[in-house]
Amino acid sequence: MQDLLFSNSRRFFALLGAASLSLIIVALFFEHMLLLKPCILCYVQRACVYLLILVSLAGFLHKNQSLLILRTYMGLCIAFIISGMSLSIRQLYLQNLPRELVPTCGPDIDYLFETLPVLEVIMIAIKGDGNCAEVLWSFLGISLPGWLLVAFVGLLFYTLVSLYISKKLHSKS
């Protein structure tokens, strides 16, 4: 099992990218097949996963990388994972607020991008709105952002272990 998960740096980036891609596929399944409309905070969480896929792809394709470059890619992955975790926690917080404390619903994300500067849209998205507090689906009593948080914790653990043994991973590449 250790050889499967930690054989070399390319394997690490391939597995991390595949896991991240599977998260996006599941999100698209929920959106298009189950017709669950994602909130603005869901889109920002997806952006973290897309950036994780992008960094994983760059790390996978980068041949003859130095140990410093390998650790830089891993550090970027950790940053995007922690960002996604914090956004998931924020959405879980909004979902567990009492009804009277839930923020009001905001306009659609398309409208926000048409009328506001990008940085302001990002700040609004990170705060979330009333749509983010709605639980549309749950499994075993855990809502979608909860399951995404579980996935992020797993990815963070795998990345941290890989970072810890990165010298060994680098020598096997």
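Predicted model: local features only at pLDDT ≥ 70, side-chain atom pairs only at ≥ 80, totals over all residues.
Residues are numbered from 1 along each chain as its sequence is written, and side-chain values use heavy atoms, with hydrogens and water left out.

**Exercise 1.** Determine whether serine 56 is buried or exposed.

Solution. Begin with the relative accessible area of serine 56, which is 2%. Buried means under 20%, exposed over 50% and partly exposed in between, with a 1.4 Å probe and protein chains only. Serine 56 is therefore buried.

**Exercise 2.** Work out how helix H2 (residues 9-32) and helix H7 (residues 144-164) are oriented to each other.

Solution. Helices are DSSP runs of H or I with at least four residues, numbered from the N terminus. The axes, lines fitted to C-alpha atoms over the stretch in contact, come within 11 Å and cross at roughly 175°. Angles run from 0 to 180 degrees between N-to-C directions, and those over 145 count as roughly antiparallel, under 35 as roughly parallel, 65 to 115 as roughly perpendicular and the rest as oblique. H2 and H7 are therefore roughly antiparallel.

**Exercise 3.** Decide whether the sulfur of cysteine 42 is within reach of a bond or too far from the closest cysteine sulfur.

Solution. A disulfide is a pair of cysteine sulfur atoms within 2.5 Å. The closest cysteine sulfur to that of cysteine 42 belongs to cysteine 39 and is 3.3 Å away, too far for a bond. By this rule the count is 0 disulfides.

Note on methods
Helix = DSSP H or I, 4+ residues; strand = E, 2+ residues; numbered from the N terminus.
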